[in-house]
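Here is a short report on one protein chain. Look over the sequence and the fold before reading on.

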Amino acid sequence: MRNCIFTPLALATICSLAATAHAAEWTMATPYGDASFHTQNNKQFAEDVAEATNGDLTITVHSGGSLVSHGEIKPSVRRGTIDAGEVFLSVLSNDDPIFEVDTLPGVAGSYEDAYALWEATKPMITELFAYEGMVPLYAVAWPAQGIYTSAPLTDPDQFDGLRVRAPNINTQRFVDNLGGSPTETEESDIPTAFSTGRVDAMITSSSTGNSMAAWDYVTDYTDANLWLPKNIVFMSQRSFDRLDEATQDALMEAAARAEERGWQMSRENNETSLEALRENGISVSQPNEAVSAALQAAGDELFADWESRADDDAKQALENYREQRGN
């Protein structure tokens with residue numbers, strides 16, 4: 001039998017190869033650009049994971065839809081093409097009405113309410129993700145949604161035929177209820193949509209208006225506090241299962257910190273974004289009585305439609321939230 005003698009260099013090479021084999025490199029896709037606080041939070045999450053695991057798990061965040069389009073992120077994670085992703089939660093509403101509950105006007109009108117709604121619906125959402133082989137990591141709310149227009153919004157009749165950017169089916173239904181013409185447009189395509197006349201207005205947050213320089217194509221922002229929708233970050237169960245226990249624990253601890261940090265970032269971003277809108281010439285105002293009544297009526301119709309489609313589990317989750325908040 002031949003004796004194997006390893007030189008120090010050979011031993012170092014073997015150890016290096018073992019460490020490389022042990023390390024995991026994940027890809028994560030988000031449709032939001034680098035200016036978005038959501039993307040900034042995701043990148044901090046990736047840095048936290050790399051530091052906590054001593055490089056045993058690294059996550060590369062591909063922003064702005066550069067890896068896959070928004071609509072393909074969840075299917076890609078489900079298939080295992082990518083390891084993790086982020087989507088606007090309500091774009092999943094065709095899968096189950098529970099995914100759109102945070103875009104129902106009047107359900108959660110503050111950060112405290114929005115977080116309580118997430119806590120109440122998280123078990124059901126987690127179960128639905130698990131059924132498809134995925135695991136939620138964290139969810140973070142956007143600031144409350146308002147309406148951007150090219151003139152002061154003072155009369156409900158202004159909605160008639162108005163081409164409004166609506167990023168998900170529930171917002172599209174809401175615009176329909178108002179008498180407008182909803183147009184689905186990704187965040188990255190907003191400037192082009194306005195410049196080519198595909199949209200005249202948009203329903204979105206102060207944050208998106210700021211990051212997309214809304215003052216280049218609109219003049220007014222009606223801070224209507226319609227709802228506080230969420231983004232959800234999730235991963236492949238198979239990718240997670242391949243990690244050792246220590247790495248899994250570090251990953252989930254970093255996710256918990258990312259959720260807490262993200263909600264605080266959202267609050268802070270709302271304030272700075274509103275200030276930026278004003279500084280760049282956008283008039284920020286509250287809806288008047290007539291517009292508020294029209295928004296309420298459209299919201300009531302939207303909620304009735306949701307109730308007609310939601311199953312008992314979704315309705316119970318909403319009821320649990322309302323009982324917890326005393327609504």
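Does L137 count as buried or exposed? This is a predicted model. L137 has 8% relative accessibility, and since buried means under 20%, L137 counts as buried. The residue sits in strand β4, residues 134–141. Leaving aside residues up to four places away in sequence, L137 touches F45, V233, F234, M235, L251, M252 and A255. Y32 is 105 residues from L137 in sequence, and their C-alpha atoms are 17 Å apart.

**Helix α2**

F45, a contact of L137, is one of the buried residues of α2. Others include F37, H38, N41 and V49. The helix covers residues 37–52. Its 16 residues should span 22 Å at 1.5 Å a residue, and the end C-alpha atoms are 22 Å apart, so the two agree. At the start of α2, a side-chain oxygen of S36 comes to within 3.2 Å of the backbone nitrogen of H38. N54 follows α2 and has a positive phi, near 55 degrees.

**The sheet**

Six strands form an open sheet in the order β7-β6-β8-β5-β9-β11. The pairing is mixed. β7 (181–183) and β11 (283–285) are the edge strands, each pairing on one side only. From one strand to the next, the twist averages 25 degrees. Strands β9 (residues 220–222) and β11 run parallel and are joined by three bridges. D220 stands opposite S283 in β11.

| Helix | Strands touched | Direction angle |
|---|---|---|
| α5 (residues 169–178) | β6 (163–165), β7, β8 (201–205) | about 160 degrees with β7 |
| α9 (residues 245–279) | β5 (145–149), β9, β11 | about 130 degrees with β11 |

**Aromatic pairs**

A pair of aromatic rings is described by the distance of the centres and the angle of the planes. The count here comes to eleven aromatic pairs. Y111 and W263 form one that is edge-to-face, at 6.5 Å centre to centre and 75 degrees between the planes. This pair links distant parts of the chain: Y111 lies in helix α4 (residues 111–131) and W263 in helix α9, 152 residues apart. Both Y111 and W263 are buried.

F194 and Y217 are stacked, because their ring centres are 4.6 Å apart and their planes are at 25 degrees. F194 belongs to helix α6 (residues 190–195), while Y217 is in the loop between α7 (206–211) and β9, 23 residues apart. F194 and Y217 are both buried.

Y32, F37 and W142 make up one aromatic cluster. F37 is also among the buried residues of α2.

Definitions and conventions. Residues are numbered from 1 along each chain as its sequence is written. This is a predicted model: local features need pLDDT of at least 70, side-chain atom pairs count only at pLDDT 80 or more; totals for chains, interfaces and linings use all residues. Side-chain values use heavy atoms; hydrogens and water are left out. Two strands pair if DSSP finds at least two bridges between them. Helices (H or I, at least four residues) and strands (E, at least two) are DSSP runs, numbered from the N terminus. Axes are lines fitted to C-alpha atoms, for helices over the stretch in contact, and angles run from 0 to 180 degrees between N-to-C directions. Contact means heavy atoms within 4.5 Å. The expected span of a helix is 1.5 Å times one less than its number of residues. Buried means under 20% relative accessible area, exposed over 50%, partly exposed in between (1.4 Å probe, protein chains only). A polar contact is a pair of N or O atoms within 3.5 Å; within protein, one must be able to donate a hydrogen and the other to accept it, and residues adjacent in sequence count only if both atoms are side-chain atoms. Rings of Phe, Tyr and Trp (its six-membered ring) pair if their centres lie within 6.5 Å; planes under 30 degrees apart count as stacked, over 60 as edge-to-face and the rest as tilted.
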